[in-house]
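Subject: Structure handover, with notes on helix packing and pockets

Hi,

Here is the structure I promised to pass on. Have a look at it first, and then read on for what turned up in it.

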Amino acid sequence: MIARKPPPSARRSEAALATGTALYPAFRQYVPLDAPLTAQAVVAISTVTGLKERRIRELARRFRDHPVAESLASLPKGPKPGSRRGGPTVLAAIDTLIGEIHLRKAGASMKETARQVRGLLIADNGDYRFEASEVPSERSIERAIAAISDPVRARTMMGSKTRSAHEPHAGEYLSRGFLDLVQMDHTRADVILVDSVQRKELGRPWVTLLIEVRTRCILGFYVSFGDPSIFRCGRAIANAILPKHSLLQALQLDVDYPMHGLFKRLHADHAAAHRAQSFRSACLSHGIDPDVRPRGPAHFGGHIERLIGTMMAKMRLLPGATGANATKRDGYDAGAAAAMTIDEFERWFVRAICLYHAEPHAGLGGCAPAQAWAEEARSQGPLVPLGLDETALVRRFLPWVERTVKAYGIQIGYRRYWHTSLASRIGQKVMVHFDERTIQEVYPEVEGGFVSAAVVGHYPDVSLAEWEAARNERFRAGRAYQDNGARAEAARLIHANRSDVLSATAKTRRAREARKRAEREGTSHTRAPARATAEPASNWLPVAELGEDTWLKRIE
């Protein structure tokens, strides 16, 4: 059976409550709460109220359970709220068909479902073939559909993000202190950006945000056109841990952004990058617990989801803003209106973050996140360990692969890398971290630190994605060359070569067999048969050399 909403409580009318109030003094006087109701008490109540004995005893039972005047008021007449009319078999069939037709993504409307369900139940050529009088009306079936509980609807008809608002979520995911809990998530920005050379449309960038739950401050961020990956997660976390001075100088911004620090727990969704071994090991090596939430509902990351909504709303002020949905941008070409490059957008985004920090926050009781951060940070010592190697931190959060050191160094993607420290580790496996922005060097982990191994040979200074794109293009060009006749020509040459080899092999085999037959047999006890004497060959002379023909005589 399908779970339905609890029926509403029966509401007594004002007249019924007045009747209960009139009966209350007599029942309070004669009905004992902890002893049986005597016959004398029934007679006394009947004399005062004029009620029959059966009604008096019924009201007395209700009065004992709830000794107030309301319990003596008459209940509304009619069927019990939440009850359904029909036989158990009919009701079970109705629920089955509702589940098949209505309770699914893109299910039919209630009215259409009711029409379909009733038709299937009474069809004389169908699977059920109930009598029409046994099946509830379409309106009753509609009421049964409307009474289905929200959690059931959410679980069967909605996506993970939508259904979260319709399901119960008991408890609270608490932060136990300052820099204890940080939530991270990624989203596409609601704005289209352009390239920095020709100012042509590129698309929507990805934005990664980290929020410190205690103070609601944006601890770190990262903007990129690339899809979320281990590399970009690592960059965002390094951005959150380290002070922002160098970042603000690179962006040429003069703003106050003091939020940084090494936190204890990282709460993220079930994305593959968050579950990757390299990412988790990098977090654990710095004392961060990578707490990946279960797959599905988004309510586990409510703080970061709400922050993303807040920041996306601010982006609707920008040229090229895409809006919340397709309906809101009807008739508006966001790509044609786009005007900002990724560098310009990142500068705007940092200012928007600082503006968010200065605004009152309802979750902080009206206090601004920057104010809450200042109060918490005042009682803390250094927010990052003293002597923290920033370069090592950034490289630790890079993706890595395991490679065996060969005599020529380390090979990654047909490229070889070498560093002198690898000479003594030939044959050993090492962890090699790589930066997706360049193929010029990688960072093998040697004796707890990182060395910079340069690429062997001449390679362009491009990113890994650009290099792989060029390799794929070259591979496609080679495959097109093969498809345009090279493969067929190669097949013809292979066939011709094989034919020559088979012919030469056959000739050699026949010649060897003939040579074997020409050789004599081995020595035996039996004498070999005598060979026939060969007659001398005739020596014929031409007629011209015979001279005179007097030698030719007629025989009589």
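Let me start with helix α1 (residues 14–30) and helix α2 (residues 39–49), whose axes come within 10 Å and cross at roughly 165 degrees. Axes here are lines fitted to C-alpha atoms, for helices over the stretch in contact, and angles run from 0 to 180 degrees between N-to-C directions. α1 and α2 are therefore roughly antiparallel to each other; angles under 35 degrees count as roughly parallel, over 145 as roughly antiparallel, 65 to 115 as roughly perpendicular and the rest as oblique. On the α1 side the contact is made by Leu23, Ala26, Phe27 and Tyr30, and on the α2 side by Ala41, Ala44, Ile45, Val48 and Thr49, where contact means heavy atoms within 4.5 Å. By class, these residues are eight nonpolar, one polar and no charged. For the classes, Ala, Val, Leu, Ile, Met, Phe, Trp, Tyr, Cys and Pro count as nonpolar, Asp, Glu, Lys and Arg as charged, and the others, Gly among them, as polar.

Before going further, a word on conventions. This is a predicted model, in which local features need pLDDT of at least 70 and side-chain atom pairs count only at pLDDT 80 or more, while totals for chains, interfaces and linings use all residues. Residues are numbered from 1 along each chain as its sequence is written, and side-chain values use heavy atoms, with hydrogens and water left out. Helices (H or I, at least four residues) and strands (E, at least two) are DSSP runs, numbered from the N terminus.

Next come two pairs that share α5. Helix α4 (residues 88–101) packs against helix α5 (residues 110–122) at an angle of about 130 degrees, with the axes 10 Å apart, so α4 and α5 are oblique to each other. The crossing of α4 and α5 is right-handed. Ala93, Ile94, Leu97, Ile98 and Ile101 from α4 meet Thr113, Gln116, Val117, Leu120 and Leu121 from α5, a set with eight nonpolar, two polar and no charged residues.

The axes of α5 and α6 come within 9 Å and cross at roughly 125 degrees, which makes α5 oblique to α6. This crossing is right-handed too. α5 brings Met110, Lys111, Thr113, Ala114, Arg115, Val117 and Arg118 to the contact, and α6 brings Glu138, Ile141, Glu142, Ile145 and Ala146. Here the residues divide into six nonpolar, one polar and five charged.

Now for the pockets. On a 1 Å grid over the protein atoms alone, a pocket is an open set of points with protein on both sides within 12 Å along at least five of seven lines, whereas a cavity is a set where a 1.4 Å probe fits but cannot get out; lining residues have an atom within 4 Å of a point. Grid points are joined across faces, edges and corners, and a volume is the space filled by probe spheres set on the points.

The largest pocket has a volume of about 850 Å³. Of its 29 lining residues, Tyr222, Val223, Phe231, Arg235 and Arg437 lie nearest the centre. Among the elements giving two or more residues to this lining are β5, α9 (230–241) and α18 (464–518), and α9 provides the largest share, five residues. The lining divides into 13 nonpolar, six polar and 10 charged residues.

The second largest pocket, at about 520 Å³, is lined by 23 residues, with Gly82, Ser83, Arg84, Arg85 and Arg143 nearest its centre. α4 and α6 (138–146) each give two or more residues to the lining, and α6 gives the most, with four.

Best wishes

How values were computed:
Left-handed = near helix turned anticlockwise from the far one by under 90°.
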